[in-house]
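Dear colleague,

Here is the structure I promised to hand over to you. Please look through it first, and then read the notes below, which go through what was found.

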Amino acid sequence: MTIEQINEEGKITIKLDGWLDVESSPQLGEVIDAIDCAKELILDFTKVEYISSAGIRMLVASHRKAKELEAEFSIIHVNSEVMSILAMTGLDKKLGIQADQ
């Protein structure tokens with residue numbers, strides 16, 4: 001997985017590319033843990049092909065971090081395969097998730 005972080009005046013967008021699984025989740029965790037200030041935290045899933053239970057745990061941890069920072073949280077551009085996995089967990093209703101049309 002590759003991770004690109006863009007900070008535009010407190011609006012932090014993290015673009016993910018690849019599989020969010022047990023191998024790549026710690027990498028995302030390091031990026032999220034390093035954020036000390038944000039108005040908005042966005043995970044861009046445009047190029048995420050798959051998410052495992054470890055990846056789902058990282059989404060919950062990312063949401064928790066955003067709450068600690070009092071930042072808005074959203075996950076954008078989620079494909080139908082990943083969205084179906086998130087829907088099975090109920091996270092599609094708890095997190096700000098925007099599916100691709």
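A search of the whole structure, which is a predicted model, finds one aromatic pair, where rings of Phe, Tyr and Trp (its six-membered ring) pair if their centres lie within 6.5 Å. The two partners are Trp19 and Tyr50, with 4.6 Å from centre to centre and 45° between the planes, and this makes the pair tilted (planes under 30 degrees apart count as stacked, over 60 as edge-to-face and the rest as tilted). Because Trp19 belongs to strand S2 and Tyr50 to strand S3, the pair ties together parts that are 31 residues apart in sequence; helices (H or I, at least four residues) and strands (E, at least two) are DSSP runs, numbered from the N terminus. Trp19 is partly exposed, at a relative accessible area of 44%, and Tyr50 is also partly exposed, at 32%, where buried means under 20% relative accessible area, exposed over 50% and partly exposed in between (1.4 Å probe, protein chains only).

A word on conventions: residues are numbered from 1 along each chain as its sequence is written, and side-chain values use heavy atoms, with hydrogens and water left out. Since this is a prediction, local features need pLDDT of at least 70 and side-chain atom pairs count only at pLDDT 80 or more, while totals for chains, interfaces and linings use all residues.

Turning to the sheet, five strands form an open, mixed arrangement in the order S1-S2-S3-S4-S5, and two strands pair if DSSP finds at least two bridges between them. Strands S1 (2-8) and S5 (97-99) stand at the edges with a single partner strand each, so one side of each is left without a neighbour in the sheet. S3 and S4 run parallel and are joined by five bridges, and Asp44 has Ile76 in S4 as its bridge partner.

Finally, there is the core. The largest nonpolar core has 28 residues, of which Ile14, Phe45, Leu59 and Ile75 touch the most other members; such a core is a set of buried Ala, Val, Leu, Ile, Met, Phe, Trp, Tyr and Cys residues joined through side-chain atoms within 4.5 Å. Among the elements that each supply at least two residues of this core are helix H1 (25-33), helix H2 (53-68) and strand S4 (72-78), while S3 gives the most, with five residues. Leaving aside neighbours within four places in sequence, Ile75 is in contact (heavy atoms within 4.5 Å) with residues including Leu43, Phe45, Leu59 and Leu95.

Best wishes
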